[in-house]
Structures are given as C-alpha cells and as structure tokens.
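Dear colleague,

I am handing over the structure below, together with an account of what was found in it. Please read the notes with the model open beside them.

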Amino acid sequence: MILLPWPSAVLSPNARHHFHVVGKAKKAARKAGFVLTRELVGHTPPAFPDGPIDLTITFYPPDKIRRDDDNMIYRLKSWRDGIADALKVDDSRFRPEYKVAEPHAPGRVEVCINTVNRALASGTPVLIDDDRHTTEAAR
C-alpha cells in the first residue's frame, strides 16, 4: 500500500492560482508519488502482466468538510502519474476504485495495487527487488 499525504488544495480544479504555482505543485506531487512508490517497491518495479492494473484508492479527509469526489480524484492526478512513472507503466492501464473513509487528521490517501496483491496471493511471479515482496515462484 502506498500512503500519500492529503493532496494540496492548489491541485484542485476549482482553485484559482497562478499557473506557475499550480505547475510547481503538480511537479512536486508527481515526484513525491514516484519517490513514495519506489520506497515501497524498490528500484526494480514489479513486472505487471498485460492488461489493466486494479487500484483501490481510499481518501481519508483531514476534517468533516464535505468534498466533491471528482475534485478529490482530480487533485490526485499528478500523484498517480508519479506512481505510474515509478512502476514503469502507462497510467491508462489503471482501473481505480475510489472510496472515501471517515476523516482522519491530517488527511491521507491510501493506494492499494490490487493486481500485485492478487499475484502475490496466487503465487504468480511478480519480480520485485525487495525480498519482503517477492513470491515463492519468483525466488
């Protein structure tokens, strides 16, 4: 599971910030998504089978303020791009399922890559350079 901080309000499509501010926030989010994913999977990402990559993305808002789901999803776009970069896959293969959980300060987003979890459970080879995540078939 990849744990991300709550996405910045600057990344909201409803925010009206200077394009330089938005550009810097997008670049920082993409890089952070890349780094956090690489910390989890190591420098050699898993070898995904062809086809869709199922994700479960759970939002834990920082407070009880009501939020539009489409804005939360959009604010995560740059983070998802960084995750795709780290996994060396095209993000068009992602098939996300979105959930909104109870608020939990300071807010976070959990991204679970279900395709990897199913492969690990079935014993299908998923090559990751970290022994904690390598299946028996891949050892």
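**What was found**

Arg38 lies in helix 1, where helices (H or I, at least four residues) and strands (E, at least two) are DSSP runs numbered from the N terminus. Please keep in mind that this is a predicted model, in which local features need pLDDT of at least 70 and side-chain atom pairs count only at pLDDT 80 or more, while totals for chains, interfaces and linings use all residues. Residues are numbered from 1 along each chain as its sequence is written, and side-chain values use heavy atoms, with hydrogens and water left out.

At 15% relative accessibility, Arg38 counts as buried, a word that means under 20% relative accessible area, whereas exposed means over 50% and partly exposed lies in between (1.4 Å probe, protein chains only). Leaving aside neighbours within four places in sequence, Arg38 is in contact (heavy atoms within 4.5 Å) with His43, Pro45, Asp85, Ala86 and Lys88. The side chain of Arg38 also reaches the backbone oxygen of Ala86 at 3.1 Å; this is a polar contact, that is, a pair of N or O atoms within 3.5 Å, where within protein one must be able to donate a hydrogen and the other to accept it, and residues adjacent in sequence count only if both atoms are side-chain atoms.

**The chain and its sheet**

The protein chain has four helices and four strands, and along the sequence they follow the pattern β-α-β-α-α-β-β-α. Of its 139 residues, 40% count as buried, and among contacts between residues at least 6 apart in sequence, 81% join residues at least 24 apart.

The four strands make an open sheet with the order 1-4-2-3 and mixed pairing, two strands being paired if DSSP finds at least two bridges between them. Strand 1 (2–5) and strand 3 (94–100) are the edge strands, each pairing on one side only. On average, and with direction ignored, neighbouring strands of this sheet are turned by 20° against each other; here axes are lines fitted to C-alpha atoms, for helices over the stretch in contact, and angles run from 0 to 180 degrees between N-to-C directions. Strand 2 (residues 53–60) and strand 4 (residues 108–113) run antiparallel and are joined by six bridges, with Thr56 standing opposite Cys112 in strand 4.

**Helix 3 against the sheet**

Helix 3 (residues 77–87) packs on the sheet and touches strand 1, strand 2, strand 3 and strand 4, its direction making about 135° with that of strand 3. Why can helix 3 be called largely enclosed by the rest of the structure? Nine of the eleven residues of helix 3 are buried, so the helix is largely enclosed in that way. The buried residues of helix 3 pack against strand 1, helix 1, strand 2, helix 2 (69–75), strand 3 and strand 4.

One of the buried residues is Asp81, with a relative accessible area of 13%; not counting residues up to four places away in sequence, Asp81 touches Arg30 and Asp91. Just after helix 3, Lys88 takes a positive phi of about 60°, although Lys88 is not a glycine. Lys88 lies in the loop between helix 3 and strand 3 and is exposed, with a relative accessible area of 61%.

Leaving aside neighbours within four places in sequence, Phe94 is in contact with Ile53, Leu55, Arg80, Ile83, Ala84, Leu87 and Val89.

Arg95, in strand 3, counts as partly exposed at 45% relative accessibility. The C-alpha atoms of Arg95 and Asp54 are separated by 4.8 Å, though the two are 41 residues apart along the chain. The side chain of Arg95 reaches the backbone oxygen of Ser92 at 2.6 Å.

Finally, a cis peptide bond, with omega about 5°, joins Ala105 and Pro106, and Pro106 is found in the loop between strand 3 and strand 4.

With best regards
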